[in-house]
Structure formats: C-alpha cells, structure tokens
Amino acid sequence: MKLSRKNGLRASAIGALVVSGALVLSACGSDDNTEPTKGGGEKTSAAASNIKCDGAKGQLLAAGSSAQKNAMDLWVKNFQAACEGVEVNYQSIGSGGGITKFNQGQVAFAGSDSALKDEEVAESKKICKGGTGINLPMVGGPVAIGYKLEGVDNLVLDASTIAKIFDNKITKWNDPAIAKLNPGAKLPDSTIQAFHRSDESGTTQNLGKYLSTAAPADWKHDPKSKSWPAQGGQAANGSSGVATAVKDAEGSIGYFELSYATANKISTVSINTGASAPVAATTENASKAIAAAKVKGTGNDVALSLDYATKAEGAYPLVLVTYEIACDKGNKAENLPTLKAFLNYAISEEGQKVLADADYAPMPAEIAAKVRAIVPTLS
C-alpha cells in the first residue's frame, strides 16, 4: 500500500516542527509490558550527553498510556544511559489502568491521554499527602484512522462517516456515504471490520470527543468515556492490539496513534474537515490543530482544551495529548529525585527533540516552558 501521503514524510515534518515548535502527538509502540533496559554505564549517545541525573537512583515505576509507549522507550533508554544505577520501568497498560495504579500509590507517575477527572483528582489527594495529582502535558499528535482495503490507497472520510462506521451504522465499504467522499475509488461490496480498544483508553476518549464535537448528530455516546461505548465491532487490547488486528484483516478499520500505523505500514484515512482539501494524518498537520490548544487547568495543573472541530486549512482535527500525572506535593521521598530528574529530561529541549525519531512531536514552546517551571517544584 502507498503510504507517502498518509503516514507522514518524516523528514519534512521534522523540519516544519523544528521551525514551528508546535504540539503534536502521534503515539506509538507496543503494549507489551516489557522489562526496560538496565541503566548504568557511560553516556552512550549524544541524546544522553546533557541529561542531569540530580541524585537519581534506584527504580522508578510508572504505568499508563500506550499512546506514548515508544516515546517513553526513547526517554528511558537515554536517561538510563546517562544515569548509572537507575532503572525506569514504564508499563504500557492504558490510561485508565495507569491512573488506577497512580491513585493506589503503586507508581510514581502515570501516563494518560486525557486529563484527570474531578473524581480522580479527589482520589489522588489520598496518595499525594498535602497535595494533589496534576496533569503535565509532555507529548502530542494525531490519532490515525488506519485501514486495510486492497486497491484503495487514499481513503477519505469525514466525521459523520467515521462515527457511523464505528457505531455500526455503515457496514459496507461501498456505502453511498463513503463512495461520495471517494469518487473514482474501487470500493468493494464487502463488510467493514471495525476494531476498537477493549481496555480503558484515553485514545478512545479522544476519538469520542472528536466525534461528539464534529458529528454530534451521528455520535451520541458519552464523550468522556474511556471504555468503548458503542455496540458492535471487534475489540483488541491496547493500541498495538488494534493496529495488529487491522494489519492482519482485509476490510478492517481501527484507530491508534500515528506511529503504530507507520511501524506496521498501515494506510491511514485523510479527513474531510470542510477545508478546501482533505487533511492527512501527519504530525505536521496535527500540530496545526493542537497549536491552538488552551490551558484550562489552574495553578500547577496544565490540562489543555483542544479544538476538535477545527476547519483550518491543513489542520488534522483528531488529536490527543498525553500527560504525565504526578503529585505536586506528597511524592515518596525515595522516588522524588529520580521522578524530577526523569520528567525534567522528558520535557527538556533535548528530551522533546528525540520525539521525532518515533513519529511524535514536541509540545508548543509556551506550554513546554510552563511544564519546565513546574517539574522542579514537585515535592
């Protein structure tokens, strides 16, 4: 399948992102809970050369979003190469699982593709003695709609058709609504196999927010749900599970972060947003949508509000941001130096630059600066 328009011209995207400093998050990786590479030794790469360890030692446990798995793998590799004797173990179990572990005191921080809900913030106060859980955005990008359909390399859908496909209202590939958006395409009279997440997922929640905003008449499910809310379809665990299912099944469609599509050579949908041309799922195009994000959190909380209904030229609207969730106060003393050093590296200019190696992109400059000022104050 042709991937040139769909999956992103990495070199040009990187160049554009360096210029714009825009936020994007296409997530990637495997959801396997693999053991991290052991830390220690000499600084083995340029990426690790300027990392400040600042007293980091021992093991740091974290869990959550599968969207950021490959970004986390890069950060962990570089951080452990620079900081002898340190081991960072990030379990890619989904946003919901990560928040649960965080609020049970099992991990030092959690990764989540959506900000903490009010009830989760309240629960965090039991763990964060004298403080609360806060949202620290560190990586962002597009959620790709990936598909496998022989002979169709440049599929275009809009929010309405995406909603109807995942809500089991459009069940054939040659449905008139799809055909209208793809004149001249050889669409087969075959059944659509739609895959969704089986686990609680911030990616699912962001898809729901997009559909309920951009196609409210066709997606009437709870946009805040991390669990799949619709009937029908087939379930798979984690973004990697959905990507594998789509890769293996002719006539399939699913949703996952862009780098899962890139890694698996899966074609991705361009979205008709109402702009002059359909918008492909690339980090550069997602950056145009996410650059307009507004901070809705207060104090040290940097939760963002995204515009899922954008019609701006070249802006890909189906995006997400992954947050690292930590206590502003009340962190365990034995974990605090390592926690701060690792998060300091992740949000640093150096940590953000390596994201392009895995189809992620850096946070907008002003948001990154805000997070960089907060991390050293964690106590």
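Colleague: What makes up the lining of the largest pocket, class by class?

Modeller: The lining divides into 12 nonpolar, 9 polar and 8 charged residues, where Ala, Val, Leu, Ile, Met, Phe, Trp, Tyr, Cys and Pro count as nonpolar, Asp, Glu, Lys and Arg as charged, and the others, Gly among them, as polar. This is a predicted model, in which local features need pLDDT of at least 70 and side-chain atom pairs count only at pLDDT 80 or more, whereas totals for chains, interfaces and linings use all residues. Residues are numbered from 1 along each chain as its sequence is written, and side-chain values use heavy atoms, with hydrogens and water left out.

Colleague: What is meant by a pocket, and which residues line the largest pocket nearest its centre?

Modeller: On a 1 Å grid over the protein atoms alone, a pocket is an open set of points with protein on both sides within 12 Å along at least five of seven lines, while a cavity is a set where a 1.4 Å probe fits but cannot get out; a lining residue has an atom within 4 Å of a point. By that rule the largest pocket has 29 lining residues, and A115, L116, K117, K209 and K296 lie nearest its centre. Two or more lining residues come from each of α4 (118–124), β4 (133–148), α7 (202–214), β12 (304–305) and β13 (319–327), these elements being DSSP runs numbered from the N terminus, with helices (H or I) of at least four residues and strands (E) of at least two. The space in this pocket is about 560 Å³, a volume being the space filled by probe spheres set on the grid points, which are joined across faces, edges and corners.

Colleague: Why is K69 called buried, but D73 partly exposed?

Modeller: Buried means under 20% relative accessible area, exposed means over 50%, and partly exposed lies in between, with a 1.4 Å probe and protein chains only. K69 has 3% relative accessibility, so K69 counts as buried, whereas D73 has 36% and therefore counts as partly exposed.

Colleague: How do you know that K69 and D73 form a salt bridge?

Modeller: A salt bridge requires a side-chain nitrogen of Lys or Arg within 4 Å of a carboxyl oxygen of Asp or Glu. The closest N and O atoms of K69 and D73 are 2.8 Å apart, and the pair forms a salt bridge; both residues lie in helix α2 (residues 69–82), 4 residues apart, about one turn of the helix.

Colleague: What does the salt bridge of E120 and K226 join?

Modeller: The closest N and O atoms of E120 and K226 are 3.8 Å apart, and they form a salt bridge. E120 lies in helix α4 and K226 in the loop between α7 and β7 (234–236), so this pair ties together parts that are 106 residues apart in sequence. E120, at 14%, is buried, and K226, at 5%, is buried as well.

Colleague: Why is strand β8 described as largely enclosed?

Modeller: In β8 (residues 252–257), 6 of the 6 residues are buried, so the strand is largely enclosed by the rest of the structure. Two strands pair if DSSP finds at least two bridges between them, and β8 pairs with β4 in the antiparallel sense over 6 bridges, while 2 bridges join β8 to strand β6 (residues 193–197), which runs parallel.
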